[in-house]
Amino acid sequence: MDNDRSDAVHGDSHELRIETQRRRHPKLSIAALLALLLLVNLATSLYQLPLNRLVERRICREYYSTHDPSVIDNNGNVEEELCKIDVIQQGLAWIIGVMETLWIVGDFIMTIPLGFIAEQHGRRSILWLNLVPRLFMLAWAIVVGYFEQSLPLKAIIAGPTLSILGGDCVFNSIVYALAASLTDDNVIRATYFSWANAVSYVVTFVGPALAGATMTLNLLLPFWIGLCLLLLAIPIVAVLADPVQNLPLSEDEQQQPLISSPTLKAQNSRNSLLTPIVERARTLRAIVRSHPRNLILLLASFFLTSLASSDTKLLAQYISKRYHWPFASAGYLLSGKAIVNFTLLTIVIPGILRSRSQSQSFSDRDNVRYARACLVVSVLGAMAIAIAATVWLLFPSLLLYSLGAALPVFTLGLLKSPSVSPRDENQPASSADPESHIFSIVMMVKTLGSLVGAPLMAVLWVRGIVTGTLGVPYFVSAALYLAAFIVFAGIKIR
């Protein structure tokens, strides 16, 4: 009995210090997080568009050197308009699809091991490690692009292989867990998530336009800019507050270790790599089982929406192929779409949250209501993109589709809802940092959706090229959003 009372006191003391630590500099912490998101996502955005053109140019040159060398100029270039034929676009789709899949596979496999390392060495260490594969991917594109005569095109596929050091799943789970740890207020937390999503969509606005403008000057220039941005991100990671890592142990805790703490397990299991990974997997499983059925439904919706949103990676290829636009021009069009996303997430959604908080509290039912609205809009937007016969019809379709971008603001906001969180008596004893675990689980599920979605959309896109029905990926995406709406409808708020 005395031990139980002592453990309770220690637990209360631990939670109190977490609360004090995370509220000490919330403005600096959220600003650093948003800056890190901006730099990393912008570097990634600058990679995608010129990568498509880099691969397409090589495939195009190899094709015409065999079939019609007369279209190749003295510099070894081919007019981009001539590269939109089916056989070249199929080759482009396969290579980009393989690279997307490799990036996601490595990231997904290493999520649990890197989560364990984060508990042992801190989240900042993992964020620094996460920059390594991104730096390599950009640098390798420059190498392959510069040494075109020496390296085969398939060498570009090696770029994403270092995702075993962490990719988007690891990065996002840490960033969102840090953002969630800054406050217990639902409105403020939803606002933080809205800001984070807004930064991501600022990137989708600035990134394609910047990539399109710079790649017309030099195809490798966007990669160089991306490298510089990632280097700037290194010192910003040092500013981030990690409330769990920075906590000083009390005198009692130093004398009596918390046996159930994953951090202690990490420190006591250095001689075994497999054991702590298995223990962490069991911890994640225990956390999921301790939660009500609503969490399972929420995770299922995360999987389906992540699977459906994999179609966005095809937009540049889709626009370029279907409407015979250069990739640089497609980048400008995608930037126009992102303006709506940015306006929605920086002005409209925060305005709704503030107005509701002034009149009445922003409830979990509001989160569910707005999430369902976003899913309906996503279904309609994906359908509109699939049937858009001209660019003038595509642009309003993209704007409609972008209205669903606020979905993560409301679905992530539900993770700490009483209807989703376990009751106190069901809390797993082995979870010292449940927020971090929950966001790791969510990001793993979303990454699994992307893992399935990347090859699926590539296959559908190639199939669409072969059959002439180019909108096939977006018809499937609309069906997946509809399935997510049906699953989400099963969530009951108490």
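Both Glu80 and Arg53 are buried, where buried means under 20% relative accessible area, exposed over 50% and partly exposed in between (1.4 Å probe, protein chains only). Their side chains meet in a salt bridge with an N to O distance of 3.8 Å; the term covers a side-chain nitrogen of Lys or Arg within 4 Å of a carboxyl oxygen of Asp or Glu. Glu80 sits in the loop between α2 (26-67) and α3 (86-109) and Arg53 in helix α2, 27 residues apart. Helices (H or I, at least four residues) and strands (E, at least two) are DSSP runs, numbered from the N terminus. Arg53 and Glu80 also belong to a salt-bridge network with Glu56 and Lys84.

Before going further, note that this is a predicted model: local features need pLDDT of at least 70, side-chain atom pairs count only at pLDDT 80 or more, and totals for chains, interfaces and linings use all residues. Residues are numbered from 1 along each chain as its sequence is written, and side-chain values use heavy atoms, with hydrogens and water left out.

Glu148 lies in the loop between α5 (123-146) and α6 (168-180), 91 residues from Arg57. The side chain of Glu148 also meets that of Arg61 in a salt bridge (3.0 Å, N to O). Arg61 is in helix α2, so this pair ties together parts that are 87 residues apart in sequence. Glu148 is buried, at a relative accessible area of 15%, and Arg61 is buried at 15% as well.

Stepping back, the whole structure holds 9 salt bridges, and the protein chain has 19 helices and 0 strands. Of its 494 residues, 54% are buried.
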